[in-house]
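Me: Please take a close look at one part of this model: the place where the two chains meet. Which residues and elements are involved there, and how do the charged side chains pair?

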Amino acid sequence: MTSLAITVVGHDRPGIIAQAAEVLSDCGMNLEDSSMTLLRGHFAMTLICAGEADADQIEAALQTLENGSLDVTVREVAEEPHLPALGSTYLVTVHGADRLGIVARLAAVVAEAGGNITDLTTRLSGTLYVLLAEVDIPQSTNVEALQARLADVSAELGVDCTMRLLENDEL
Amino acid sequence: MSLTLPTLPEGRVLDVVRAPSHVLSVPGSLVDPADPSIAQLAADLVATMRVSPGCVGLAAPQVGISAQAFCVDVSGHPKTRTSHGLIVLVNAEVLDTSRNEKGREGCMSVPDLTGDVKRATKITVAGQLPLSGERVLISTDAFEARAMLHEIDHCNGMLFLDRVTSAHAVHPRKVYLEAGENPGQ
């Protein structure tokens, strides 16, 4: 059993997911976790699948789609152990005028505090830049100090930033 | 505000069914509240909820029985405003809802995922008490409302996964450990 990490990027049109999923299914590869979305109009698929096929076989099969116009990468990856997070999850939201370095600066602040970004989405709409990030913060991190640091760096960048606790309702 | 519940038999702790399981996806049958097996089911739901850490509600399909019965107890939860203490209802239906709010829900039957679900924060529910069959109306809010709506969904064969707010609204569950606790346990 091998696990493959696959990315597919290309011109969006109806049916790409169906075709790519059919290729994987025909090769006996089980599509596990995936994220498929449009990024500035480009279709972008990132996924992990598992089965007996090798990376070269899958890459060749996916490259037959859309007359070879899709950018495809397939790499074999090792199983990652699932480690439980220690601490709490926060949602960081940022919006403001677009400029270079917003993600780099703010992600660096999070990393310096020991925070682990587990999900991040950015959208550029005209001149408005929006960033949403879910961050696991360890119990040992001083959350107020991190919030203050994010506020300082956001002010330097001229963007608004909030960081709030994401709570689960256990039912 | 507590409900006056009939005295139920001794409850047994049952195994909780996890998705994918057919029983979680079919509407439960209406039940006869006077049927002794339903009183036993109600007691079993309460007993199973009580031994499950963090559990504030359980519905019959979650113990493998496709029936309209559930229990809820949000007493002492920090998000609770109105609380009726232990609630055990059969054949419940939602009469009125208002003021939707989004929350991220976890469920014992879907243990590794959470999902963002919009639910009413003010509700009125009608149902019957086990054994006596007395019809009761419960108006509540906040966390008790969310818990009751979640359990009534179970009774109707629905999971929170059927109600998530977007294609990006299901998340891997984070397991938070106390400091010093061994992640392997």
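Reply: **The interface of chains A and B**

In this predicted model, 26 residues of chain B are in contact with 18 residues of chain A. About 1,900 Å² is buried between chain B and chain A. Carbon and sulfur atoms give 44% of that area.

Polar pairing comes next. Eight residue pairs are in polar contact between chain B and chain A, counting pairs with both residues at pLDDT 80 or more. On the side of chain B that touches chain A, the elements giving two or more residues are strand S3 (87–107) and helix H2 (142–155) of chain B. The residues of that side divide into ten nonpolar, eight polar and eight charged.

Strand S9 of chain A, residues 168–170, runs parallel to S3(B), and three bridges join them. Within this pairing, Glu170(A) stands opposite Gly106(B).

Now the charges. Side chains of opposite charge can pair when their charged atoms come close. The whole structure holds 15 salt bridges over all chains. Between chain B and chain A the count is five.

Take Glu134(A) and Arg104(B). They form a salt bridge, with the closest N and O atoms 2.8 Å apart. Glu134(A) lies in strand S7 (residues 128–137) of chain A and Arg104(B) in strand S3 of chain B, so the pair joins two chains. Glu134(A) has a relative accessible area of 10%. Arg104(B) has 9%. Buried means under 20%, so Glu134(A) counts as buried, and so does Arg104(B).

Next, Arg173(B) and Glu170(A). Their side chains meet in a salt bridge, 2.8 Å from N to O. Arg173(B) lies in the segment after strand S6 (170–172) of chain B, while Glu170(A) lies in strand S9 of chain A, so this pair joins two chains. Arg173(B) is buried, at a relative accessible area of 17%. Glu170(A) is partly exposed, at 26%.

Inside chain B, look at Arg163(B) and Asp153(B). They form a salt bridge whose closest N and O atoms are 2.5 Å apart. Arg163(B) is in the loop between H2 and S6 of chain B and Asp153(B) is in helix H2 of chain B, so the pair ties together parts that are ten residues apart in sequence. Asp153(B) is buried, with a relative accessible area of 6%. Arg163(B) is partly exposed, with 36%. H2 is also one of the elements that give two or more residues to the side of chain B touching chain A.

Strand S4 (residues 110–128) and strand S5 (residues 135–141) of chain B pair in the antiparallel sense over seven bridges. Ala126(B) has Leu137(B) in S5(B) as its bridge partner. S4(B) and S5(B) form a hairpin, with six residues between them. In the turn, Leu131(B) has a positive phi of about 70 degrees.

Technical notes. Residues are numbered from 1 along each chain as its sequence is written. Chains are lettered from A and ligands numbered from 1 in the order in which they are written. Side-chain values use heavy atoms; hydrogens and water are left out. Contact means heavy atoms within 4.5 Å. Buried area is the accessible area (1.4 Å probe) that two parts lose on being put together, summed over both. A salt bridge is a side-chain nitrogen of Lys or Arg within 4 Å of a carboxyl oxygen of Asp or Glu. A polar contact is a pair of N or O atoms within 3.5 Å; within protein, one must be able to donate a hydrogen and the other to accept it, and residues adjacent in sequence count only if both atoms are side-chain atoms. Helices (H or I, at least four residues) and strands (E, at least two) are DSSP runs, numbered from the N terminus. Ala, Val, Leu, Ile, Met, Phe, Trp, Tyr, Cys and Pro count as nonpolar, Asp, Glu, Lys and Arg as charged, and the others, Gly among them, as polar. Two strands pair if DSSP finds at least two bridges between them. Buried means under 20% relative accessible area, exposed over 50%, partly exposed in between (1.4 Å probe, protein chains only).
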